[in-house]
Amino acid sequence: MTGNDILQRALGLLGYAENNGNTQLTQRILQKALPLTNFVYGDIARMCGMEKQRLNSLLDEFEISDKAADVFACGLAGYIAASEGDDNAHAFWAAEYNTRRTTLSKITTVKDELPIPEY
């Protein structure tokens with residue numbers, strides 16, 4: 001899978017497909033796509049327990065499950081929508097991302113206790 005694969009999924013979710021004729025939108029998104037992709041990738045990598053990597057290009061290959069790729073696309077869609085001022089799409093995809101990303105966590109138990117400081 002590549003960053004561009006995830007980007008194309010995210011654009012499809014938003015309805016910002018490259019073939020819509022709006023070349024200004026496409027160019028704006030492509031200019032900020034790599035930093036946004038790296039931002040979400042870092043979060044996905046942490047949630048999946050992967051060694052965090054940074055993409056140098058949208059064409060860099062990385063290993064990710066299909067489930068994680070779907071969550072990745074939702075997160076990227078939310079950040080792209082926010083960067084474009086599309087508040088409704090941002091709210092929807094940010095909520096969807098936050099709901100789905102918790103399913104990727106490798107943490108299976110949570111302690112319900114207050115820490116006791118050591119003096």
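In the predicted model, helices α3 and α4 cross in a left-handed sense. The two helices pack at an angle of about 150 degrees, and their axes lie 8 Å apart, with α4 spanning residues 87-101. This angle is over 145 degrees, and α3 is therefore roughly antiparallel to α4. On the α3 side, the contact is made by Asp 70, Val 71, Cys 74, Gly 75, Ala 77, Gly 78, Ala 81 and Ala 82. The α4 side contributes Ala 89, His 90, Trp 93, Ala 94, Glu 96, Tyr 97, Arg 100 and Arg 101. Classified by residue type, the contact of α3 with α4 comprises nine nonpolar, three polar and four charged residues.

Two residues of this contact were examined individually. His 90 is located in helix α4 and has a relative accessible area of 29%, so it is classed as partly exposed. When neighbours within four places in sequence are left aside, His 90 is in contact with Gly 78, Ala 81 and Ala 82. The C-alpha atoms of His 90 and Gly 78 are 4.6 Å apart, although the two residues are separated by twelve residues in sequence. Ala 82, one of the contacts of His 90, belongs to helix α3. The relative accessibility of Ala 82 is 37%, and this residue therefore also counts as partly exposed. Ala 82 and Trp 93 are eleven residues apart in sequence, with a C-alpha to C-alpha distance of 9.7 Å.

Helix α3, which covers residues 66-83, also packs against helix α1, which covers residues 3-14. Here the angle is about 60 degrees and the axes are 8 Å apart. The two helices are therefore oblique to each other, and α1 passes α3 in a right-handed crossing. From α1, the residues taking part are Ile 6, Leu 7, Arg 9, Ala 10, Leu 11, Leu 13 and Leu 14. These meet Asp 66, Ala 69, Asp 70, Phe 72, Ala 73, Cys 74, Leu 76, Ala 77, Ile 80 and Ala 81 in α3. By class, the contact of α1 with α3 holds 14 nonpolar and three charged residues, and no polar ones. Asp 70, Cys 74, Ala 77 and Ala 81 of α3 take part in the contact with α1 and are likewise listed in the contact with α4.

Apart from neighbours within four places in sequence, Asp 43 is in contact with Tyr 97 and Arg 101. Both Tyr 97 and Arg 101 are also among the α4 residues that contact α3.

Lys 52 is placed in the loop between α2, residues 23-48, and α3. With a relative accessibility of 61%, Lys 52 is classed as exposed. Once neighbours within four places in sequence are set aside, the contacts of Lys 52 are Gly 42 and Ala 45. Gly 42 and Lys 52 are ten residues apart along the chain, and their C-alpha atoms are separated by 6.0 Å.

The chain has 119 residues, of which 38% count as buried. Among contacts with a separation of 6 or more, residues 24 or more positions apart account for 70%.

Key: Residues numbered from 1 in each chain as written. Predicted model: local features only at pLDDT ≥ 70, side-chain atom pairs only at ≥ 80, totals over all residues. Heavy atoms only, no water. Axes fitted to C-alpha atoms, helices over the stretch in contact; angles between N-to-C directions. Helix = DSSP H or I, 4+ residues; strand = E, 2+ residues; numbered from the N terminus. Parallel < 35°, antiparallel > 145°, perpendicular 65-115°, else oblique. Left-handed = near helix turned anticlockwise from the far one by under 90°. Contact = heavy atoms within 4.5 Å. Nonpolar A, V, L, I, M, F, W, Y, C, P; charged D, E, K, R; others polar. Buried < 20%, exposed > 50% of the residue type's maximum accessible area, 1.4 Å probe, protein only.
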